[in-house]
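Have the structure open while you read.

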Amino acid sequence: MQNNVLILDFGSQYTQLIARRVRELNIYCEIHPFNKVPENIENFKAVILSGSPFSVRAENAPHPDLSKIKRHKPLLGVCYGAQYLAHFNGGSVEPSNIREYGRANLSEILENETLFNGFEKDSQVWMSHSDTIAKLPENGIRLASTKDVANAAYRIDGEETYAIQFHPEVYHTTFGKQLLENFLVNIAKVEQTWTPAAFVETTVSEIKAKVGNDKVVLGLSGGVDSTVAAVLLHKAIGKNLYCIFVNNGLLRKDEFQNVLDQYEHMGLNVKGVDASERFLEALKGITDPELKRKAIGRVFIEVFDDEAHLVKDVHWLAQGTIYPDVIESVSVTGGPSATIKSHHNVGGLPDFMKLKIVEPLRMIFKDEVRRVGKEMGIDDELLGRHPFPGPGLGIRILGDVTAEKVRVLQEVDAIFVNGLKKWNLYDKVWQAGAMLLPVDSVGVMGDERTYEKVVALRAVESTDGMTADWVDLPYKFLQETSNHIINRVKGVNRVVYDISSKPPATIEWE
Ligand code: XMP
């Protein structure tokens, strides 16, 4: 791909954010670890160096080979990247007397510099560093300063090399996206051609070229990623895509039939397999959350393997893997070695896993998956669904799982989620669900004492599930929901609302 930006990763927590901001500018980019500069460097039109938890003065600090990049390509160093470009090109980086973390203001900006087009004086930038650039590199020209940092931005005269101490990728840098646009569009002349429509077009033809007339199997989950992957493949190969949607008996109330109907309505070649009893049988008596996950995962693989065998002459397995799962990021704790997250165990793979893999979403982020889905006409309701864990209600029923507990929790969950929709709260919440607790609580109904179950409701705000906060739902809504649950769901006499953030609590209770 010719219109491509390279982001060299030095292990900063913000590297993925740089990529997302670049993609928001409709520009394609890829993240590569600093110690694995891609061979085909000519394919990249500009390069960005990320930040890093290291100091350039540290012995084990990342040392990229920039010989094919600096002076040859438009180059932007961010934070560590800026310090690196100074330190090893005749400048110096020193420990700072004042550590700059958080907000700062660009009080001085050199006039008529393209990098700062559109910036307002004193605009906010976000800093996160303890070293400072004491001396600019050879031919360095200072472009901007803050009250505490003289060399907040510079360029190298005679080259298209730019460097900034602050982070343009974070939301708190007011004109951060503008700066990236100035660099990529106005300086590096990268074209803004990366759009959902362009992605669909190229991906469909890539799939056609790769898969040809072969058959492909894909496991649908009802989630956004597998659905978008399926629709893309369907566009490319039509009925040669065989989708399998397994009911593990731990889905939301009526979910299996509703989602299956939607898939069929979309024209997908899908087979619904109700394996609820097989899953429940495997879960019998298991209380440990990790063992439950393992049992559910194992049965899923067995069921999927059986089904995949029914499709004759299949050569490919499609998956809805997305970019954050693939990015080969620099491991900060394990030194400069790169780590790759892997979804699969090696050795002893079931037959279907020996198929060749096709992953049409492996280079895009979650928000892009949604945009691509919208572009292909997938229903907003399907694209806007809350995340739901693979093991489903199995990890929301604390303790052992039985058919009766699943029924109770499905009823409670449906009242809660439908209530959120009715109150127009569903789209304001990132994820919501109910947990069935393994305690009996005392209550009174009429003149009788009862001992019945407690359920906890959980609704969180988040962007990626890594951190989350509980949502301040209206009292009236909670009151109405609690009444509905207790009046309608036999076996529950108490409802509580979870007000813990992650960390330290997790989103799921198990
Ligand atoms: P936690 O509970 O770790 O959840 O804060 C973060 C996100 O991950 C989902 N989750 C899972 N998803 N298999 C999945 O596919 C699992 O075993 C699993 N455990 C948690 C959770 O729903 C939330 O979105």
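Start with helix H6, which covers residues 255-265: its buried residues are Glu255, Phe256, Val259, Leu260 and Tyr263. Looking down the axis of H6, you'd see these buried residues fall within an arc of 115°, so they line one face of the helix. Keep in mind that this is a predicted model.

What do the buried residues of H6 pack against? Their partners are strand E11 (215-220), helix H5 (224-237), strand E12 (241-247) and strand E13 (270-274). Just after H6 comes Gly267, and this glycine takes a positive phi of about 90°.

Now hop over to another pair of helices. H4 (residues 196-211) packs with H10 (residues 366-375) at an angle of about 80°, and their axes are 9 Å apart. Angles of 65 to 115 degrees count as roughly perpendicular, and that makes H4 roughly perpendicular to H10. Which residues make the contact? On the H4 side they are Pro196, Ala197, Phe199 and Val200, while H10 brings Arg371, Val372 and Glu375. Sort the residues of this contact of H4 with H10 by type and you get 5 nonpolar, no polar and 2 charged.

On to the aromatic rings. The structure holds 17 aromatic pairs, and here are two of them.

| Aromatic pair | Centre to centre | Between the planes | Arrangement |
|---|---|---|---|
| Phe119 and Phe175 | 5.3 Å | 40° | tilted |
| Phe304 and Phe352 | 4.7 Å | 65° | edge-to-face |

The pair of Phe119 and Phe175 links distant parts of the chain, 56 residues apart. You'll find Phe119 in the loop between strand E6 (108-109) and strand E7 (124-135), and Phe175 in the loop between strand E10 (161-164) and helix H3 (176-187).

Phe304 is buried with a relative accessible area of 3%, and Phe352 is buried with 6%.

Phe10, Phe34, Tyr80, Tyr84 and Phe88 form one aromatic cluster.

Notes
Residues are numbered from 1 along each chain as its sequence is written. This is a predicted model: local features need pLDDT of at least 70, side-chain atom pairs count only at pLDDT 80 or more; totals for chains, interfaces and linings use all residues. Side-chain values use heavy atoms; hydrogens and water are left out. Buried means under 20% relative accessible area, exposed over 50%, partly exposed in between (1.4 Å probe, protein chains only). Helices (H or I, at least four residues) and strands (E, at least two) are DSSP runs, numbered from the N terminus. The arc is that of the directions from the helix axis to the C-beta atoms. Contact means heavy atoms within 4.5 Å. Axes are lines fitted to C-alpha atoms, for helices over the stretch in contact, and angles run from 0 to 180 degrees between N-to-C directions. Angles under 35 degrees count as roughly parallel, over 145 as roughly antiparallel, 65 to 115 as roughly perpendicular and the rest as oblique. Ala, Val, Leu, Ile, Met, Phe, Trp, Tyr, Cys and Pro count as nonpolar, Asp, Glu, Lys and Arg as charged, and the others, Gly among them, as polar. Rings of Phe, Tyr and Trp (its six-membered ring) pair if their centres lie within 6.5 Å; planes under 30 degrees apart count as stacked, over 60 as edge-to-face and the rest as tilted.
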